[in-house]
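Welcome, and please open your viewer. We will walk from one spot to the next, selecting a few residues at each stop.

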Amino acid sequence: MSTRKRYWLMKSEPEDFSIDDLARVGTEPWTGVRNYQARNFMRDGMRVGDGVLFYHSNTDVPGIYGIAEVASTAYPDPSQFKKTSKYFDEKATEETPRWFLVDVGYVRTLAHPIALAEIREHSAELGEEFALIRKGARLSVLPVTAAQWKLLVSLEKKR
């Protein structure tokens with residue numbers, strides 16, 4: 001099993017949970033993911049210490065607003081079992097959970113957000129496989145290569 005650090009981009013709508021919220025609480029379970037590919041990234045791909053680009057979606061200026069890290073191994077998302085939760089899944093059971101999550105820990109808020117428009121300006125450098133700027137890509141959890149991570153984080157300093 002590889003122990004090299006991996007990188008991810010995780011999207012959240014700021015009115016639901018923002019980088020400021022993460023800064024306030026320190027660590028938060030990433031609940032409510034209901035896409036199998038995104039779930040598999042968390043369950044099978046993420047390791048404690050992996051880097052996370054914290055992306056605000058569905059806002060006036062979508063973009064990367066902070067840096068976080070994976071703070072736990074994957075475990076069953078408890079919201080799937082709660083009938084009162086909007087993330088309840090009647091097919092999930094404690095014995096055979098369908099949905100998993102990781103805890104995400106705050107690292108820092110960017111000095112300046114890296115807007116999606118600016119990210120798109122670097123599409124050639126990021127490559128076709130960078131899912132955030134690919135048409136039709138709607139996942140809330142995306143893998144990021146080490147080279148893509150380095151480029152995206154460097155955009156913060158170019159202001």
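Which residue's side chain meets Asp 89 in a salt bridge? Select Asp 89 and Arg 98: their side chains meet at 3.5 Å, N to O. A salt bridge here is a side-chain nitrogen of Lys or Arg within 4 Å of a carboxyl oxygen of Asp or Glu. Asp 89 counts as buried at 12% relative accessibility, while Arg 98, at 22%, counts as partly exposed. Buried means under 20% relative accessible area, exposed over 50%, and partly exposed in between (1.4 Å probe, protein chains only).

Before moving on, a word about what you see: this is a predicted model, where local features need pLDDT of at least 70, side-chain atom pairs count only at pLDDT 80 or more, and totals for chains, interfaces and linings use all residues. Residues are numbered from 1 along each chain as its sequence is written, and side-chain values use heavy atoms, with hydrogens and water left out.

The whole structure holds five salt bridges. For another one, select helix H1 (residues 19-25), where Asp 21 and Arg 24 lie three residues apart, about one turn of the helix. Helices (H or I, at least four residues) and strands (E, at least two) are DSSP runs, numbered from the N terminus. The side chains of Asp 21 and Arg 24 meet at 3.1 Å, N to O. Asp 21 is buried at 19%, whereas Arg 24 is exposed at 61%.

Next, select Arg 43. Its salt bridge with Asp 44 has the closest N and O atoms 2.8 Å apart. Arg 43 also lies over the face of Phe 100, 6.0 Å from the ring centre. A charge sits over a ring if NZ of Lys or CZ of Arg is within 6 Å of the ring centre and within 35 degrees of the ring normal.

Now for the rings: there are four aromatic pairs. Rings of Phe, Tyr and Trp (its six-membered ring) pair if their centres lie within 6.5 Å; planes under 30 degrees apart count as stacked, over 60 as edge-to-face and the rest as tilted. Select Tyr 7 and Trp 149, a tilted pair with 4.6 Å between centres and 35° between planes. Tyr 7 belongs to strand S1 and Trp 149 to helix H5 (residues 146-154), so this pair ties together parts that are 142 residues apart in sequence. Both Tyr 7 and Trp 149 are buried.

Finish with Trp 8 and Phe 41, whose ring centres are 5.7 Å apart with planes at 50°, so this pair is tilted. Both Trp 8 and Phe 41 are buried.
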